[in-house]
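Please look over the sequence and the model below before reading on.

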Amino acid sequence: MLSIRNLKVSIKGKEILKGINLDVNAGEVHAIMGPNGTGKSTLAYVIAGREGYEVTEGEIIFKGRNILDLSAEERACEGLFLGFQYPVEIPGVSITNFLRTAINEQRKYKGLDPVPAVEFLAKMEEKKQLLELQEKLASRSVNEGFSGGEKKKNEIFQMAMLEPSLAILDETDSGLDIDALRIVATGVNKLRRPDNATIVITHYQRLLEYIIPDVVHVLFDGRIVKSGGKELALLLEEKGYEWIRSES
Amino acid sequence: MEKNQNNILEEVTNSDYKYGFHTNIEMDLAAVGLSEDTVRFISAKKNEPDWMLEFRLTSYRHWLTLTEPKWAHIHHPAIKYQDIIYYAAPKRKKELASLDEVDPELLDTFKKLGISLDEQKKLSGVAVDAVIDSVSVKTTFTDTLSKYGVIFCSFSDAVQNHPDLVKQYMGSVVPSNDNFFAALNSAVFSDGSFCYIPKGVRCPVELSTYFRINAANTGQFERTLIIADEGAYVSYMEGCTAPMRDENQLHAAIVEIVAMKDAEVKYSTVQNWYPGNKKGEGGIYNFVTKRGICKGSHSKISWTQVETGSAITWKYPSVVLMGDNSIGEFYSVAVTNNFQQADTGSKMIHLGKNTKSTIISKGISAGQSNNSYRGLVKVIKRAENARNFSQCDSLLLGDKCGAHTFPYIKAENHTSIIEHEATTSKISDDQLFYCKQRGISSESAIGLIVNGYAKEVLMHLPMEFAVEAQKLLAISLEGSVG
């Protein structure tokens, strides 16, 4: 699904990612953990194609194709989804309108006609129920006046609607109370399929009590310094990031 | 990133004006320039009664004493009033009895503009008055409306057939000596729409006037007069386009609205005159005086405008709140791109007790354009408990455009409550990236964000206009990202 080779990234001349290697297969859930400021969000943005980052070396292969030359919207249309750490407000644009626009643009990219309204609304209904969301969410403006928890749930809802091949969830657990955390985790688990994959980026081990990862990576100072099974997360929780620092 | 932004901006702002064609129609033209003879010529062409000619001549003589207003935040080369043709009309041989007699070229023009003058238009429930250059070519639906006592016809017809109404109300809201452009219009106006809704009648269809400038070197000077008698209601829509020409053309119109006791008038405009090219050449100079008076108590006048066209826009749709408990509203979206200049806003004059007004203005600037809001809220001494709420928001796309706000407040009664809110924002990189990450292209993202920003105004437009306006907003800004 995703294969990152020796990825080096700088921002304004300062190297943030110093040679990332990562392989994610279909059907897998990966967790990337690490202390603040080690490049977790940078990695997510670079994969998603945000401008302002300079890739100095390496490649990102997604579904067999190097995507570094693709724009952010092309990558999204290819099936890449980023759950934002800080979802952005778009005043006056309803979630329904936003998602319909997104789905139709993605369909256009694939040479398909716009989704019929009835089909679209039925899908909204289905996904809302799946994620146990309230009715009124869809008519509200995108993230405007949302609580932290609502914003994160809205990210998961968009993910459910867009059905990506690969979802990267950047600190989706931060700022969530335990109920919201459970809803988000349940959503991720329910959307898990043999033909898609998820990368969960998190600071804490807490989320991993609800989403069981196949592989855990520790990102430290721009490199993945350790990879292992889910027990690695527990070890990290127990020993703290100091342990990594001393090991690396 | 800055550079990238500007690139995207440039792409978006580079879409073309799709109404820029012109039609070859045999025209009846006045000689170039303006004099008493021109005024007499126009009046004679229209076979007008003496009182009408007198009105024109008085206006003309007053105009000669005036100079162009200089206070607006706009710049343009001097307008050469003696180089303009003040009357242009499609030639016609006799009175039109049915649509079959309308010049097919003309019908074709309106077809291209997406306006059907066909009787079929009845099905969509909109009555249309089509004005090309100086003359009303066709008013649809007249028969049906007359059953309700509603008069909807060209201004010229009204002068002939309803002289008493015209005499009573013309110039009663916008006097001919109101300002430079109003005086000019009053002297040389050629046609326009007239509408009277009798007591207690709720006009069963939306009324609409479609203005089209076609001929070269001409100015367009139309006037509209709407009278809603006691308890009447009407929703009125106005649309406008012009061919692409590299000279500037002058459009100086007047709209007057009178709302009697308990009456309500909703006036919606989608102004899409040719804005000039990307270098700022050509385009319409749009100097318009629009004013309504809430004459009776509990009356209401509501202006909604979406302004995307014209090289220069100078207009301040206003409401004089004379009747107690009357309501004035102004909802506006003004988009400027490339080198366009807009100085637009509203005036709310509170004369009666418990009068209420609302001003919602959304400016969107892109390219190297300048967009100004100018507004006046005035409460006189005896207007107890007057209330106004104004909100002026500006959205900037790119870093070469300007947004300005000039709000004036004059309150002479201490019981009045006046609120003014203003914001200035940019479309952020974060918003754009968020949209793009969902698969939405820059262009669509801007369309989406801008329409969301303008939603409060767009929701006041009649349905069929709203859809058009949304598309127009997206097209006007195609390519501009901030």
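The sections below describe the basis of the model, then chain B, then parts of chain A.

## Basis of the description

This is a predicted model, in which local features need pLDDT of at least 70 and side-chain atom pairs count only at pLDDT 80 or more, while totals for chains, interfaces and linings use all residues. Residues are numbered from 1 along each chain as its sequence is written, chains are lettered from A and ligands numbered from 1 in the order in which they are written, and side-chain values use heavy atoms, with hydrogens and water left out.

## Chain B as a whole

Chain B has 12 helices and 23 strands, where helices (H or I, at least four residues) and strands (E, at least two) are DSSP runs numbered from the N terminus. Of the 482 residues in chain B, 63% are buried; buried means under 20% relative accessible area, exposed means over 50%, and partly exposed lies in between, with a 1.4 Å probe and protein chains only. The accessible surface of this chain comes to about 18,300 Å², and 50% of it belongs to carbon and sulfur atoms; such areas come from the Shrake-Rupley method with a 1.4 Å probe, and for residues only the protein chains shown count as cover.

Among contacts (heavy atoms within 4.5 Å) in chain B between residues at least 6 apart in sequence, 84% join residues at least 24 apart.

A469(B) has its place in helix α12 (residues 463-476) of chain B, and it is buried, with a relative accessible area of 0%. Not counting residues up to four places away in sequence, A469(B) touches V270(B), V306(B), L458(B) and L461(B). From A469(B) to I85(B) the separation is 384 residues in sequence and 31 Å in space, C-alpha to C-alpha.

K80(B), by contrast, counts as exposed at 58% relative accessibility, and its place is in the loop between α3 (50-64) and β2 (88-90) of chain B. K80(B) and G283(B) are 203 residues apart in sequence and 15 Å apart in space, C-alpha to C-alpha.

## Nonpolar cores

A nonpolar core is a set of buried Ala, Val, Leu, Ile, Met, Phe, Trp, Tyr and Cys residues joined through side-chain atoms within 4.5 Å. The largest such core holds 99 residues, of which L2(A), I4(A), L7(A), F98(A), F157(A), I199(A) and I364(B) touch the most other members. Apart from it lies another core, of 59 residues, which includes I151(B), M260(B), W314(B) and I349(B).

## The sheet of chain A

In chain A, 6 strands form an open sheet in the order β6-β9-β10-β3-β11-β12, with mixed pairing; two strands pair if DSSP finds at least two bridges between them. At the edges stand β6 (80-83) and β12 (223-228), each with a single partner strand, so one side of each is left without a neighbour in the sheet. Neighbouring strands are turned by 20° against each other on average, direction ignored; axes are lines fitted to C-alpha atoms, for helices over the stretch in contact, and angles run from 0 to 180 degrees between N-to-C directions.

β6(A) and β9 (residues 166-170) of chain A run parallel and are joined by 4 bridges, with L82(A) standing opposite I168(A). β10(A) pairs in the parallel sense over 5 bridges with β9(A) and over 5 bridges with β3(A). In β10(A), I201(A) is the bridge partner of D170(A), and V200(A) is that of A31(A). All 6 of the 6 residues of β10(A) are buried, so this strand is largely enclosed by the rest of the structure. A197(A), I199(A) and I201(A) point one way from β10(A), whereas T198(A), V200(A) and T202(A) point the other way.

## Helices of chain A

Helix α1 (residues 40-48) of chain A has 8 of its 9 residues buried, so it is largely enclosed by the rest of the structure. α1(A) packs on the sheet, touching β3, β6, β9, β10 and β11 of chain A, and its direction makes about 145° with that of β6(A). Helix α5 (residues 148-162) of chain A lies across β6 and β9, running at about 170° to β6(A).

In helix α7 (residues 231-239) of chain A, the buried residues are L232(A), A233(A) and L236(A). Seen down the axis of α7(A), these residues fall within an arc of 105°, so they line one face of the helix; the arc is that of the directions from the helix axis to the C-beta atoms. On the other side of α7(A), E231(A) and E238(A) are exposed.
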